[in-house]
Amino acid sequence: MHFDIMVGSVLGASEYVAEALLAAIKEAGHDGNCHFDPSISTLNKDNVLLICTSTHGAGDLPDNIESYAKSLENQDLQGVNAIIVGLGDSSYDTYCGAAMKMETLIVNQGATLLTEPLHIDVLNHPIPEDIAVDWFTAQLEKL
Ligand SMILES: Cc1cc2nc3c(=O)[nH]c(=O)nc-3n(C[C@H](O)[C@H](O)[C@H](O)COP(=O)(O)O)c2cc1C
């Protein structure tokens, strides 16, 4: 399998998680790319779409993934398999709001989620890549 990891990040934590997931993907004998400046031009329906995004503002998407999200609104994602990993802080009412927005968006456009999304609470997981890799490795074994 080839994974396109689309990263939404302001402060860099989601970038670390994405890189750790890519390492786990390669460790498991698969392949992929991290897209730190996500663009619709990289959409390849044969690849698994892995969205890894934090939440900022009041439940908002990070700026760097905004235009990508906007362009997904016009895409037919039927046949696209997807995984969502969200980072957030449970002290906010809008906990992982951006990951939930991305989930709603891609499912509405026809994508199929391969697993329930992972929402990482950075309050409880100060090193979010650790739990992300443990969870992801377990999911990979089921795919
Ligand atoms: C200004 C600001 C606003 C935030 N707003 C939210 C929010 O609405 N919901 C949430 O779950 N987390 C929120 N967070 C927490 C971030 O999502 C969390 O710190 C995350 O690890 C940041 O990841 P990043 O470094 O990839 O941007 C906020 C953080 C900051 C600094």
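Author: **Salt bridges and their setting**

The protein chain has four helices and six strands, where helices (H or I, at least four residues) and strands (E, at least two) are DSSP runs numbered from the N terminus. Their order, starting at the N terminus, is β-α-β-β-α-β-α-β-β-α. The radius of gyration, taken over C-alpha atoms, is 14 Å, close to the 15 Å that the globule rule gives for 143 residues, so the chain is as compact as a globular protein of that length. That rule is 2.2 Å times the number of residues to the power 0.38.

This is a predicted model, in which local features need pLDDT of at least 70 and side-chain atom pairs count only at pLDDT 80 or more, while totals for chains, interfaces and linings use all residues. Residues are numbered from 1 along each chain as its sequence is written, and side-chain values use heavy atoms, with hydrogens and water left out.

A salt bridge here is a side-chain nitrogen of Lys or Arg within 4 Å of a carboxyl oxygen of Asp or Glu. A search of the whole structure gives two of them. One joins the side chains of Asp-60 and Lys-101, at 3.8 Å from N to O. This pair links distant parts of the chain, 41 residues apart: Asp-60 lies in the loop between β3 (48–54) and α2 (63–72), and Lys-101 in helix α3 (residues 97–108).

For accessibility, buried means under 20% relative accessible area, exposed over 50%, and partly exposed in between (1.4 Å probe, protein chains only). Asp-60 counts as partly exposed because its relative accessibility is 34%. Lys-101 is also partly exposed, at 42%.

Lys-70 and Glu-73 form a salt bridge as well, with their closest N and O atoms 3.3 Å apart. Lys-70 has a relative accessibility of 53% and therefore counts as exposed. Glu-73, with a relative accessible area of 41%, is partly exposed.

As for the chain around these pairs, 46% of its 143 residues count as buried. Among contacts (heavy atoms within 4.5 Å) with a separation of 6 or more, 79% come from residues 24 or more positions apart. The chain exposes about 6,900 Å², of which carbon and sulfur atoms supply 48%; accessible areas come from the Shrake-Rupley method with a 1.4 Å probe, and for residues only the protein chains shown count as cover. Along the principal axes, the C-alpha atoms fill a box of roughly 35 × 35 × 25 Å.
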